[in-house]
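Here is a colleague's note to read beside the model. Please keep the structure open and look up each residue as you go.

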Amino acid sequence: MDRVRRRVDAAFAAADRADYLPESERRHAGEDRPLRIGFGQTNSQPKTVRNMLRLLDARLGHRVLDIGSGSGWTCALLAEMVGPSGRVIGVEVVPELAWSAQAALREHAPPWATVQEAEPDVLGLPSEDSFERILVSAEAVSLPAPLVSQLAPGGRMVIPVAGRLTVVERQTDGVIGLRSVGHYAFVPLVWRS
């Protein structure tokens with residue numbers, strides 16, 4: 001666990017939260033609370049993000065899907081964790097946030113991190129190969145099967161489900177394991193239709 005904690009701490013040191021916030025919120029970047037980024041969305045509280053990234057345990061070379069990437073900050077953090085042999089793809093349902101997140105990533109993050117606008121009626125990126133890690137920064141009512149199906153064998157997803165932060169693991173034999181690790185509040189998981 002110390003190894004994971006050190007990697008998460010290094011990612012936080014490399015990816016400045018202020019770079020991914022609207023100018024009006026940048027003075028609050030060091031505060032441990034959610035900050036508004038527009039369109040009813042928030043940049044999550046750093047303590048929550050740290051906990052989620054520790055549970056996710058993204059490693060060098062992993063392909064990571066970041067659902068509800070919002071400002072792009074979590075994509076930047078994940079990019080630091082997976083390194084240049086990895087890839088981070090963020091998906092955001094609010095077009096304006098996807099555009100501003102991509103602009104912030106181009107300016108401040110490694111080139112293996114991107115954000116794109118969510119496709120209508122599609123959750124995640126089923127057209128891509130499966131992902132070793134999936135991070136979801138919005139709360140689902142129940143575990144979304146479309147995201148579970150995008151998880152590679154041996155992969156892990158961290159997702160808020162019905163008020164509980166849930167770790168989903170797909171064993172190499174395809175068996176899905178679940179464990180809940182605490183109560184958290186997030187904006188609802190939605191996808192356009």
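1. **Ground rules.** This is a predicted model: local features need pLDDT of at least 70, side-chain atom pairs count only at pLDDT 80 or more, and totals for chains, interfaces and linings use all residues. Residues are numbered from 1 along each chain as its sequence is written, and side-chain values use heavy atoms, with hydrogens and water left out. Helices (H or I, at least four residues) and strands (E, at least two) are DSSP runs, numbered from the N terminus.

2. **Length of helix 1.** Helix 1 covers residues 2–14, which is 13 residues. The expected span of a helix is 1.5 Å times one less than its number of residues. For helix 1 that gives 18 Å, and its end C-alpha atoms are 18 Å apart, so the two agree.

3. Val 4, Val 8, Ala 11 and Phe 12 of helix 1 are buried. They lie on the same side of helix 1, because they cover an arc of only 100° around the axis. The arc is that of the directions from the helix axis to the C-beta atoms. Asp 2, Arg 6 and Ala 13 are exposed on the other side. Buried means under 20% relative accessible area, exposed over 50%, and partly exposed in between (1.4 Å probe, protein chains only). The cover over the buried residues of helix 1 includes helix 2 (46–56) and helix 3 (73–82).

4. **Helix 1 against helix 2.** Two packed helices are described by the angle between their axes and the distance between the axes. Here the angle is about 135° and the axes are 9 Å apart. Axes are lines fitted to C-alpha atoms, for helices over the stretch in contact, and angles run from 0 to 180 degrees between N-to-C directions. Helix 1 and helix 2 are therefore oblique to each other. Angles under 35 degrees count as roughly parallel, over 145 as roughly antiparallel, 65 to 115 as roughly perpendicular and the rest as oblique. In helix 1, Val 4, Arg 5, Val 8, Asp 9 and Phe 12 meet Pro 46, Val 49, Arg 50, Leu 53 and Arg 54 in helix 2. Contact means heavy atoms within 4.5 Å.

5. **Helix 2 against helix 3.** These helices pack at an angle of about 40°, with axes 12 Å apart. The contact is made by Pro 46, Val 49, Leu 53 and Leu 56 of helix 2 and Trp 73, Thr 74, Leu 77, Leu 78 and Met 81 of helix 3. Helix 2 and helix 3 are oblique to each other.

6. **Inside helix 2.** Helix 2 is largely enclosed by the rest of the structure, because 8 of its 11 residues are buried. Their partners include helix 1, helix 3 and strand 6 (131–136). Arg 54 sits in helix 2. Arg 54 is buried, with a relative accessible area of 16%. Arg 54 and Arg 3 are 51 residues apart in sequence, yet 9.7 Å apart in space, C-alpha to C-alpha. Just after helix 2, Asp 57 takes a positive phi of about 55°.

7. **Helix 4.** Helix 4 (residues 95–108) has 14 residues and reaches 20 Å, close to the 20 Å expected. Its buried residues include Pro 95, Leu 97 and Leu 105. Gln 102 also counts as buried, at 15% relative accessibility. Gln 102 touches Thr 114 and Val 115, not counting residues up to four places away in sequence.
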